[in-house]
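Please keep the structure open while reading.

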Amino acid sequence: MSHHSPQPITLEKRATPHPHDPLTAAEIAAARVVLDTAGLLTDTVRVPMLLPDEPTRDELAAWTPGAPIDRRIDATLLDTATGIATEVVVSITRGEVIRSARVPNDAPPYGQPQYLFEEYERAEAIAKASPEWQEAMHRRGLEDHMALAFCGPLAPGYTGRADEVGRRVIRSLTFLKYDEDDSPWAHPVEGLIVHIDLTSNSVIRVEDHGDVPVPAGHGNYSPEVQGEARTSLKPIEITQPEGPSFAITGSLVEWEGWSMRVDFNAREGLVLHDVAFQGRSVLSRASVPEMVVPYGDTAPGRFWISYFDAGEYLLGKNANHLELGCDCLGVIHYLDGYVADDHGNPVRIPNVICMHEEDDGILWKHTDLAGRAAVRRSRRFVVSYFSTIGNYDYGFYWYFSLDGSIEVVAKATGIVFAAAGVPGVRQKHATELAPGVFAPVHQHLFCARLDVAIDGDDNRLVEVDAQRVPMGPENPFGNAFTWSETTLATESAAQREADASVARVWEVQSASRTNRVGRPTAYHLVPEPTALLMADPASSVAARAAFATKHLWATKYEHGQIWPAGRYPNAHQGGAGLPEYTAGDRSIDGEDIVLWHTFGLTHFPRPEDWPIMPVDTAGFRFRPNGFLDENPAMDVPESSQAHGGASSAGSCCGGGDACTCGR
């Protein structure tokens with residue numbers, strides 16, 4: 001892979017601070033000083049999560065550009081010696097603690113703060129020091145590999161076991177490394193599970209099931225192992241000699257009628273505010289605040305696995321430093337991100353957000369009766385970031401198009417989670433990728449949160465289905481079909497499943513503005529076919545990841561309702577998040593509403609996913625439907641590479657054998 005030096009482009013302009021600006025290093029450092037001065041940081045207190053405490057709707061309405069606004073942080077503190085967690089809101093502007101309350105995580109429904117980076121190393125040290133773990137390794141004849149063994153730290157799910165409830169638990173599975181650079185995921189020590197209490201720094205128990213041999217084949221992917229790279233691919237160069245078409249002023253990004261504020265935090269990663277098209281509001285806030293990865297294997301080392309990669313591990317804190325020519329190609333503008341480390345100190349993640357334009361094929365085309373073609377090429381503006389959680393890597397891409405549509409795509413890659421088995425013996429819940437290496441069936445289910453604002457905050461939600469008309473007097477030839485519209489007026493009515501058989505979409509309408517044909521201005525949420533949570537409705541994971549049991553939820557906006565599975569899904573027994581948010585069954589008809597959309601992948605691993613899985617994608621579209629009075633891209637010019645000898649004005653080429661446009 002070739003690395004290109006960044007092209008010298010000047011995009012960013014000076015800007016006055018805005019309420020939706022991301023947290024800076026100075027602000028995180030200032031918040032830490034306030035916490036320390038208040039006596040809330042001691043030798044044993046850590047900071048599992050530190051986020052911006054975003055302004056309320058009233059604060060935003062009262063704010064004027066250039067005026068100050070109270071900048072705040074929302075932090076969770078954990079006393080590692082006692083396990084006591086505290087939620088604290090700090091005003092950075094005023095330099096004081098506004099609110100402090102203990103997290104009630106020692107009684108049902110429990111729930112633990114997010115994991116600290118230091119706990120991963122501590123968990124491995126505890127596991128390796130355990131006499132029971134050492135005995136299990138000796139019994140299996142693996143004593144020579146103990147030093148290089150990797151004891152992976154894994155969120156425990158919720159099992160209800162009496163010796164775990166209310167405790168800060170992490171589980172550890174063991175993988176071998178045969179040298180320092182070896183990939184451990186290829187060498188699982190099957191059936192060896194260490195259950196750890198991170199507060200007492202002790203082993204709760206060790207399970208040792210069976211004697212399945214450790215797979216011997218490697219899972220390494222470096223050129224030294226895989227061999228020289230192919231030489232048949234010719235270079236593709238993407239250039240914009242005049243620079244890109246977007247402009248950046250502070251956190252404000254503008255491109256071809258689109259405008260938005262780009263934000264980043266430790267939990268959600270990328271957040272977009274105030275998304276507008278042609279000066280009209282579309283979304284107040286948009287992000288992917290949660291995802292769950294439930295496994296469908298009944299084995300002792302996997303039945304409890306259901307990772308919440310945002311709520312347990314923090315997607316933003318684990319975000320990647322992106323590299324030009326590798327993660328992003330073309331004329332790129334990057335934004336740095338700032339998160340807090342375990343001690344509350346600011347950490348810079350360079351180039352965490354990538355923004356660029358890319359070609360997107362044909363935008364529109366027509367060849368008239370005389371054979372004259374009019375063609376316009378599409379392009380889209382891309383805002384993206386990547387996060388690595390253990391063995392998996394996730395990319396989150398927001399695409400903005402010239403026609404006013406938005407597409408959201410999650411890209412899953414990395415290394416599939418491996419187990420060991422007897423080579424050639426089929427398993428019911430896992431597929432064999434390489435001799436003795438089995439990957440369990442699992443899902444990656446994401447939840448997008450769309451705080452919709454179609455021409456303002458007064459919106460309503462309508463379900464639109466294609467509808468067959470029975471053959472009869474109203475359909476004498478049997479060819480007719482139509483559509484149905486069902487208003488989803490309450491939070492309970494808006495808990496819906498997608499149905500591709502009737503081309504179901506969900507329409508968000510303005511309750512006060514109409515287009516030139518008298519219909520409400522609107523956007524459609526267009527889902528992709530996605531299996532919902534496959535676990536039994538009575539299961540623990542179904543209670544904890546209730547958001548993934550429906551494709552759509554809608555709630556009346558309430559400040560602070562951000563987390564689909566609750567603020568602390570770690571070891572939570574369930575019912576938090578959307579079940580709580582919708583318990584009052586509020587009206588959402590003509591209100592300020594929020595959509596929550598579940599999308600994702602159901603993964604039956606295959607040999608081609610080894611040793612690194614090619615990118616698999618899932619997503620959805622949010623596109624105008626009567627929001628505009630006509631195609632907004634009619635004024636897009638011809639491609640700069642169009643054939644210059646075209647004889648017909650306004651067309652890409654004249655057609656016929658002489659047409660060389662795009663060749």
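1. Helix 3 packing. The buried residues of helix 3 pack against strand 3 (72-79), helix 4 (131-139), strand 7 (150-154), strand 8 (169-175), strand 9 (188-197) and strand 10 (202-208). Helices (H or I, at least four residues) and strands (E, at least two) are DSSP runs, numbered from the N terminus. The buried set in this helix is Glu119, Tyr120, Arg122, Ala123, Ile126 and Ala127. Buried means under 20% relative accessible area, exposed over 50%, and partly exposed in between (1.4 Å probe, protein chains only).

2. Basis of the model. This is a predicted model, where local features need pLDDT of at least 70, side-chain atom pairs count only at pLDDT 80 or more, and totals for chains, interfaces and linings use all residues. Residues are numbered from 1 along each chain as its sequence is written, and side-chain values use heavy atoms, with hydrogens and water left out.

3. Helix 3 length. Helix 3 covers residues 117-129, which is 13 residues. At 1.5 Å a residue it should span 18 Å, and its end C-alpha atoms are 19 Å apart, so the two agree. The expected span is 1.5 Å times one less than the number of residues.

4. Asp197. This residue lies in strand 9. Asp197 counts as buried because its relative accessibility is 5%. Leaving out residues up to four places away in sequence, Asp197 touches Arg167, Arg168, Ser202 and Ile204. Contact means heavy atoms within 4.5 Å.

5. Whole chain. The chain has seven helices and 33 strands. Of its 663 residues, 54% count as buried. A compact globule with 663 residues would have a radius of gyration near 26 Å; the chain has 27 Å, which agrees. That radius is taken over C-alpha atoms, and the globule rule is 2.2 Å times the number of residues to the power 0.38. Along the principal axes, the C-alpha atoms fill a box of roughly 85 × 65 × 60 Å. Among contacts between residues at least 6 apart in sequence, 66% join residues at least 24 apart.

6. Nonpolar cores. Which residues touch the most other members of the largest core? They are Leu461 and Phe622, in a core of 135 residues. Strand 15 (residues 280-294) gives the largest share, seven residues. A nonpolar core is a set of buried Ala, Val, Leu, Ile, Met, Phe, Trp, Tyr and Cys residues joined through side-chain atoms within 4.5 Å. A second, separate core has 16 residues, including Ile28, Ala31, Ile73 and Leu77.

7. Phe622 and Tyr523. Beyond four places in sequence, the contacts of Phe622 include Val282, Leu283, Leu450, Ile454 and Tyr523. Tyr523 sits in strand 29 (residues 520-527). Tyr523 counts as buried because its relative accessibility is 0%. Tyr523 and Ile454 are 69 residues apart in sequence but 7.3 Å apart in space, C-alpha to C-alpha.

8. An unreviewed UniProt entry annotates Tyr392 as "modified residue: 2',4',5'-topaquinone". UniProt positions are given in the numbering used here, feature names are shortened, and annotations may be inferred rather than shown by experiment. Tyr392 is found in strand 20 (residues 392-401). At 3% relative accessibility, Tyr392 counts as buried.
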